[in-house]
Amino acid sequence: TQLLEQSPQFLSIQEGENLTVYCNSSSVFSSLQWYRQEPGEGPVLLVTVVTGGEVKKLKRLTFQFGDARKDSSLHITAAQPGDTGLYLCAGGEENSGGSNYKLTFGKGTLLTVNP
Amino acid sequence: DTGVSQDPRHKITKRGQNVTFRCDPISEHNRLYWYRQTLGQGPEFLTYFQNEAQLEKSRLLSDRFSAERPKGSFSTLEIQRTEQGDSAMYLCASSFISGTDGYTFGSGTRLTVV
């Protein structure tokens, strides 16, 4: 069973601060996806990274996939109250046909940005 | 397209009753997934379909659970003889076959077994 460990579990910061969330595994994943989830709603996809060492930027969010495709990080610059939510990383497993068919999720990082 | 729709949003049932949830995926997506999420945990994989074929079921999916996708469009998840441990958020998602474009999740069905 592939596991993803996210850290920290909880993070409370002031508006304007920077933060980094980590996602680590001992297993190799074919892709790594980041989602944001609000209470009572389903996760919403932020980004997918598939190549080791890949870096993607989405406005103030920067995502990196580790060279060995076992870990990832999410960095938020100048956090805003609207960034508050549960951030989930998910590793994709490939089936024999080479397509991602199942995601393994971490437990998430609950981020609170205080105004 | 309005995204992935799930119905009902909330369900309260007595222990021992059967419940059925419905999911309408994005019409262009070939794959449909069911996940379960409990408080403080990330979503856990239950099963997935490619078109109408159910290709994998998790060990979490006991014989009280059954999922169908009869015409390769909407899907249903039925839980028979519900137990308190079944209380969770049941999430449906859909994607293209590659999966690397990510999943689109519905808003989920919150099940409470009393």
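Analyst: We take the strands, then the interface. This is a predicted model: local features need pLDDT of at least 70, side-chain atom pairs count only at pLDDT 80 or more, and totals for chains, interfaces and linings use all residues. Residues are numbered from 1 along each chain as its sequence is written, chains are lettered from A and ligands numbered from 1 in the order in which they are written, and side-chain values use heavy atoms, leaving out hydrogens and water.

User: Which way do the side chains point along strand β11 of chain A?

Analyst: In a regular strand the side chains alternate between the two faces of the sheet. Strands are DSSP runs of E, at least two residues long, numbered from the N terminus. In β11(A), residues 109-114, Thr109(A), Leu111(A) and Val113(A) share one face and are buried. Buried means under 20% relative accessible area (1.4 Å probe, protein chains only).

User: Which strands pair with β11(A)?

Analyst: Two strands pair if DSSP finds at least two bridges between them. Strand β2 of chain A (residues 10-14) runs parallel to β11(A), with five bridges. There, Ile13(A) stands opposite Val113(A). Strand β9 of chain A (residues 85-94) pairs antiparallel with β11(A), over three bridges. Leu86(A) faces Leu110(A) in that pairing.

User: Why is strand β4 of chain B largely enclosed?

Analyst: Seven of the seven residues of β4(B), residues 31-37, are buried, so the rest of the structure largely encloses this strand. Arg31(B), Tyr33(B), Tyr35(B) and Gln37(B) point one way, while Leu32(B), Trp34(B) and Arg36(B) point the other.

User: What are the bridge partners of β4(B)?

Analyst: Six bridges tie β4(B) to β5(B), residues 44-50, in the antiparallel sense. Arg31(B) stands opposite Ser95(B) in β9(B).

User: How many residues from each chain make the contact?

Analyst: Contact means heavy atoms within 4.5 Å. Chain A gives 22 residues and chain B gives 25.

User: How many salt bridges are there between chain A and chain B?

Analyst: A salt bridge puts a side-chain nitrogen of Lys or Arg within 4 Å of a carboxyl oxygen of Asp or Glu. The count between chain A and chain B is two. One of them joins Arg9(B) to Glu41(A), with the closest N and O atoms 3.5 Å apart. On the side of chain A that touches chain B, β4 (31-37), β5 (44-49), β9 and β10 (100-105) of chain A each supply at least two residues. β10(A) gives the most, with five residues.

Technical notes:
Buried means under 20% relative accessible area, exposed over 50%, partly exposed in between (1.4 Å probe, protein chains only). Helices (H or I, at least four residues) and strands (E, at least two) are DSSP runs, numbered from the N terminus.
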